[in-house]
Amino acid sequence: MTTGATVWLTGLPSAGKTTIAYELAGRLREEGHLVEVLDGDEIREFISAGLGFSREDRHTNVQRIGFLAELLARNGVKTLVPVIAPYSDSREAVRKRHQESGAAYLEVHVATPVDVCSVRDVKGLYAKQAAGELTGLTGVDDPYEEPDSPDLRIESQHQTVRESAAALHALLTERGLA
């Protein structure tokens, strides 16, 4: 029996959340863990299709992902969730769901500054926002509430993806989850 857990990676667009999650997933799988990555873009396409980006819709999206993550975690899967989740109350509701079920939950803040994210601009969102083609970009013209006390803060601009994933793996090991 493997111990499940949810690892929620929150941060701005292009912070490195998904890249770190997939690097960690590979390492955990090599060690024999059951692992799933609940990528925010895929969830929006397949489970939260039709939701917009209002505060209410973002909250609904995060709660749907939180439900899936908790379900997987309590059934022995390491569930890595690279999702912006800009509002602290939404993230706290997910944490509470995990606490109530006894499933492990770790919050990781990928604390990459907006100026670094805008240079990375993986999806071209910052460029579209700058050109006036997009509004409501988290951390630019829509709020992002940084976690007050995450289980781990990763400043991805100061380390490689492998180093970021290693720091997260070390936390999982410290907590008896890897």
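Which residues does Val 62 touch, not counting residues up to four places away in sequence? The legends below begin with this residue. The model is predicted: local features need pLDDT of at least 70, side-chain atom pairs count only at pLDDT 80 or more, and totals for chains, interfaces and linings use all residues. Residues are numbered from 1 along each chain as its sequence is written, and side-chain values use heavy atoms, with hydrogens and water left out.

**View 1. Val 62 and its contacts.**
Val 62 touches Trp 8, Ala 85, Ser 90 and Val 94, leaving out residues up to four places away in sequence. Contact here means heavy atoms within 4.5 Å. Val 62 belongs to helix α3; helices (DSSP runs of H or I, at least four residues) and strands (runs of E, at least two) are numbered from the N terminus. Val 62 counts as buried because its relative accessibility is 3%. Buried means under 20% relative accessible area, exposed over 50%, and partly exposed in between, with a 1.4 Å probe and protein chains only. Between Val 62 and Val 94 there are 7.8 Å in space, C-alpha to C-alpha, although they are 32 residues apart in sequence.

**View 2. Helix α4 and its two sides.**
Helix α4 (residues 88-101) has 14 residues and reaches 20 Å from its first C-alpha to its last, close to the 20 Å expected at 1.5 Å a residue. The expected span is 1.5 Å times one less than the number of residues. Ser 90, Arg 91, Val 94, Arg 95 and His 98 are the buried residues of α4. They lie on the same side of α4 because they cover an arc of only 140° around the axis; the arc is that of the directions from the helix axis to the C-beta atoms. Gln 99 and Glu 100, on the other side of α4, are exposed. The buried residues of α4 pack against β1 (5-10), α3 (55-73) and β4 (104-110). Just after α4, Gly 102 has a positive phi of about 85°.

**View 3. The nonpolar cores.**
A nonpolar core is a set of buried Ala, Val, Leu, Ile, Met, Phe, Trp, Tyr and Cys residues joined through side-chain atoms within 4.5 Å. The largest one has 27 residues, and those with the most contacts inside it include Val 7, Leu 24 and Val 108. At least two residues of this core come from each of β1, α1 (17-30), β2 (35-37), β4, β5 (152-154) and α7 (161-174). Helix α1 gives the most, with five residues. Val 108 is in contact with Val 7, Trp 8, Leu 9, Thr 10, Leu 152, Ile 154 and Leu 168, leaving aside neighbours within four places in sequence. Another core, of 11 residues, lies apart from the largest one; among its members are Ile 43, Ile 65, Val 83 and Tyr 105.

A salt bridge is a side-chain nitrogen of Lys or Arg within 4 Å of a carboxyl oxygen of Asp or Glu. By this rule the count is 13. Arg 55 and Glu 145 form one of them, at 3.9 Å, N to O. This pair links distant parts of the chain: Arg 55 is in helix α3 and Glu 145 in the loop between α6 (125-130) and β5, 90 residues apart. Arg 58 and Asp 142 meet in a salt bridge at 3.4 Å, N to O. Arg 58 is in helix α3 and Asp 142 in the loop between α6 and β5, 84 residues apart. Arg 58 is buried, with a relative accessible area of 7%, while Arg 55 is partly exposed at 41% relative accessibility.
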